[in-house]
Amino acid sequence: MVETAIKKELPSCPVETTLTLISDKWKVLILRDLMPGTKRFGELKKSIGHVSQKVLTAQLRQMEESGLLIRKVYAEVPPRVEYTLTELGYSLKPVLDAMWNWGEEYKAQQTTEQNKTIRN
């Protein structure tokens, strides 16, 4: 009963629900970088690029709360933290693949149009 009170009510539109979970640019890049497997915080920060530690931490916490990834802390000095996608997180692979394909097609189209403009 407490768990349902904590969870936010999701939008009725499935597209809006998906956007609620992955609407931030950093979340999509986190998903992309965790698809191949587990990564440590530093690896994620390096592979994502120009994201601050504060923002990355906040995004990872939100994704953990929504069930997209698991955070595992090892009792070591210095502490080691690893992030792994859950089954729910991995289920977003077709969405990311579709975004990848669309982006490739868009880039190809833009390159073709730029080449036409240069020739004319």
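Let me begin with a term: two strands are said to pair if DSSP finds at least two bridges between them. Please keep that in mind as we look at this structure, which is a predicted model.

I start with the sheet. It is open, has 3 strands in the order β1-β3-β2, and its pairing is antiparallel. The edge strands, each pairing on one side only, are β1 (39-40) and β2 (69-74). Between β1 and β3 the antiparallel pairing runs over 2 bridges, and K39 stands opposite Y83 in β3. Helix α3 packs on this sheet, where it touches β1, β2 and β3. The direction of α3 makes about 90 degrees with that of β3.

I turn next to the neighbouring helix contact. The axes of α2 (residues 14-22) and α3 come within 7 Å and cross at roughly 80 degrees. An angle of 65 to 115 degrees counts as roughly perpendicular, and α2 and α3 are therefore roughly perpendicular to each other. On the α2 side the contact is made by T20, L21 and I22, and on the α3 side by K27, V28 and L31. By class, that contact has 4 nonpolar, 1 polar and 1 charged residues.

Finally, the core. Which members of the largest nonpolar core touch the most other members? Of its 22 residues, they are I30, L56, L60, L69 and Y83. Two or more residues each come from α3 (25-34), α4 (41-48), α5 (53-65) and β3 (80-85), with α3 giving the largest share, 6 residues. As for L60, leaving aside residues up to four places away in sequence, this residue touches I30, F41, L44, L69 and Y83.

Note on methods
Residues numbered from 1 in each chain as written. Predicted model: local features only at pLDDT ≥ 70, side-chain atom pairs only at ≥ 80, totals over all residues. Heavy atoms only, no water. Core = buried A, V, L, I, M, F, W, Y, C linked by side-chain atoms within 4.5 Å. Buried < 20%, exposed > 50% of the residue type's maximum accessible area, 1.4 Å probe, protein only. Helix = DSSP H or I, 4+ residues; strand = E, 2+ residues; numbered from the N terminus. Contact = heavy atoms within 4.5 Å. Axes fitted to C-alpha atoms, helices over the stretch in contact; angles between N-to-C directions. Parallel < 35°, antiparallel > 145°, perpendicular 65-115°, else oblique. Nonpolar A, V, L, I, M, F, W, Y, C, P; charged D, E, K, R; others polar.
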